[in-house]
Each structure stands twice: as C-alpha cells, then as structure tokens.
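Hello,

Here is the structure I promised to hand over. Please have a look at it first, and then read on for what was found in it.

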Amino acid sequence: MEEEKNIQFSVKRNFGKRIDEIWNDEKFNEIPTKKQGYAIQDTIQSDALMFIGINPSYDGNHGNSYYDNHQEEAKVHKYFRKFQDISQKIEIPWTHFDLLFVRETQQSEIEKMYSNKNGLDFIVKQLEISKEVIELAKPRVIIVNNTLARKYLGFEKDKDKNENIWMDFDFEFDPKIGTHIITKGKLKNTPVFFTSMLTGQRALDNGSYERLIWHIKFVLEKNFR
C-alpha cells in the first residue's frame, strides 16, 4: 500500500482489484443497482479538505469507470464547484470521495438494497474499502454533506444494541472548536463537519455557507490536530 504525506494516491491502483472482486462476485448479481456499474473518484489528495458524499449519480450509461476532479479547472463539474470555492477561500487543497461506488441517482434506491439478497453485504464491502481510503488520505478536515453518508460513517451507531455500526468511526462533539472530532483510530482528533447539501435544491443558504467557511478556518487556525 502506497502512503506518503501531502501527495495524491490512486484508488484504482491501491483498491481496484478488490473493487472488481465485488462487482464480479456472482452472489450480488440479483442487485439491480450493481448492473449499472460503478464510478469512483480515482486520485485522492492527502492532507486536504475531504468532502464525503454517498454515491455517484446514474447517467443512463452502464459500465465501470474512474474519474478525477482537477483542483483549479474552470470546467469543474457544477456539483463540485462549492468544494472548489471553499478550498480556494481557505487556501487548502480539496478532495472528494463517495462512500458507495454504485451509480444511482435516487438515494432511496440505495436503502432498498437492504431487502435484496446479499444487499447488505454488497454495501458493507464497499464501505470497508471506503474506510481504508479515508484513513489513507489522512484528511485535515472532513466535511460530510449527506445524511446517509453520516449514518454509514457510524454517527448513529448504538454498540449496546449492535445497531448502525457500519464503518464504526467514533465521533464526539468538542465544545472548544464547536464541531465533532474522531476520537479513536488512525484519524483520531480529525475535525468533522456534518452539514447539509452544498449544491442542489436543498443546499445551504448563503449565510450558513459563509459560516461553514468561517468555522472551518477557525478550526484550522486552532491547529487542533
């Protein structure tokens, strides 16, 4: 496994074989969403602002693919422009990663997989890889702008009842910086912002968006990590 600080690494090179093993596993053939293929951010920036989503949308085309976002390109996809804007205002590189690789526009279809034969295993195997990607990236700050992604990270878990464990990150609200931190493991003390969507109809209003930028700057200035 390749790991260096302040560089980029390739998801395809480090995890591609395992991802293909999921998609080639016949026990998942009855899951409709699998048939649409996967799409995955390939190049991940380490020591950056990491924006975490749930999964790529489906554009009607089947097949598997890797894609990249370029930090300064004017033609960056509109979904990522707010990420680019926050990065430029804070003057720290950004990166993005979806926890699931399935191509699906309707989030409700993701949760329908729970009732498919082997559907939960299909989700969990993707999340296991995603956890390793996030840990390898060692993000300076994590911004989660999807409620289902928050759940999969482990924010809603109840270990006593063995419920919603998923990726099993441990979070705690830290009043000194006014946001959550990861309390254990490889990303201990990493600040995490759970926020609303940054783009689309349910996106943060302008005031909340500016406060988010201020808050991220504030946490970074505390040199908390």
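Tryptophan 166 is partly exposed, with a relative accessible area of 23%. Please keep in mind that this is a predicted model. You will find tryptophan 166 in the loop between α5 and β8. Its backbone deserves a look too: tryptophan 166 has a positive phi of about 45°, although it is not a glycine.

Asparagine 118 sits in the loop between α3 (107–112) and α4, and it counts as partly exposed at 28% relative accessibility.

Tryptophan 166 also leads us to tyrosine 152, which touches it. Not counting residues up to four places away in sequence, the contacts of tyrosine 152 are Ile54, Leu99, Leu100, Ile110, Tyr114, Ile123, Leu127, Trp166 and Met167.

**The cores**

Which residues touch the most other members of the largest nonpolar core? They are Val11, Ile19, Leu99, Ile134 and Tyr152, out of 41 residues in that core. Two or more residues come from each of α1 (11–24), β4 (49–53), α4 (119–137), β7 (141–144) and α5 (147–153). The biggest share is that of α4, which gives 8 residues. There is also a second, separate core of 21 residues, and among its members are Leu49, Leu198, Leu204 and Val219.

**Two helices side by side**

Now to α1 and α4. Their axes come within 10 Å and cross at roughly 175°. An angle over 145 degrees counts as roughly antiparallel, and α1 and α4 are therefore roughly antiparallel to each other. On the α1 side, the contact is made by Val11, Asn14, Phe15, Arg18, Ile19, Ile22 and Trp23. On the α4 side, Phe122, Lys125, Gln126, Ile129, Glu132, Val133 and Leu136 take part. By type, the residues of this contact divide into 9 nonpolar, 2 polar and 3 charged.

Leaving aside neighbours within four places in sequence, isoleucine 22 is in contact with Phe28, Lys34, Phe122, Lys125, Gln126 and Ile129. Isoleucine 22 and glutamine 126 are 104 residues apart along the chain, yet their C-alpha atoms are separated by 8.0 Å.

**The sheet**

What is the order of the strands in the open sheet? Its 6 strands run β6-β4-β7-β10-β9-β8, with mixed pairing. At the edges stand β6 (94–98) and β8 (171–174); each has a single partner strand, so one side of each is left without a neighbour in the sheet. From one strand to the next, the twist averages 30°. As background, strands of a sheet pair through backbone hydrogen bonds, either parallel or antiparallel.

Here are some of the pairs:

- β7 and β10 run parallel and are joined by 3 bridges. Isoleucine 142 stands opposite valine 192 in β10.
- β9 and β10 pair in the antiparallel sense over 2 bridges. Isoleucine 181 has proline 191 in β10 as its bridge partner.
- β8 pairs with strand β9 (residues 179–182) in the antiparallel sense, over 4 bridges. Aspartate 174 stands opposite threonine 179 in β9.

A helix goes with the sheet as well: α2 (residues 81–90) lies across β4 and β6, and it runs at about 160° to β4.

Threonine 195 has its place in the loop between β10 (191–194) and α6 (206–221). With a relative accessible area of 18%, threonine 195 is buried, since the cut-off is under 20%. Apart from neighbours within four places in sequence, threonine 195 is in contact with Ile143, Val144, Asn145, Asn146, Leu204 and Leu212. One of these, Leu204, is included in the second core.

Best wishes

Methods
Residues are numbered from 1 along each chain as its sequence is written. This is a predicted model: local features need pLDDT of at least 70, side-chain atom pairs count only at pLDDT 80 or more; totals for chains, interfaces and linings use all residues. Side-chain values use heavy atoms; hydrogens and water are left out. A nonpolar core is a set of buried Ala, Val, Leu, Ile, Met, Phe, Trp, Tyr and Cys residues joined through side-chain atoms within 4.5 Å. Buried means under 20% relative accessible area, exposed over 50%, partly exposed in between (1.4 Å probe, protein chains only). Contact means heavy atoms within 4.5 Å. Two strands pair if DSSP finds at least two bridges between them. Axes are lines fitted to C-alpha atoms, for helices over the stretch in contact, and angles run from 0 to 180 degrees between N-to-C directions. Angles under 35 degrees count as roughly parallel, over 145 as roughly antiparallel, 65 to 115 as roughly perpendicular and the rest as oblique. Ala, Val, Leu, Ile, Met, Phe, Trp, Tyr, Cys and Pro count as nonpolar, Asp, Glu, Lys and Arg as charged, and the others, Gly among them, as polar.
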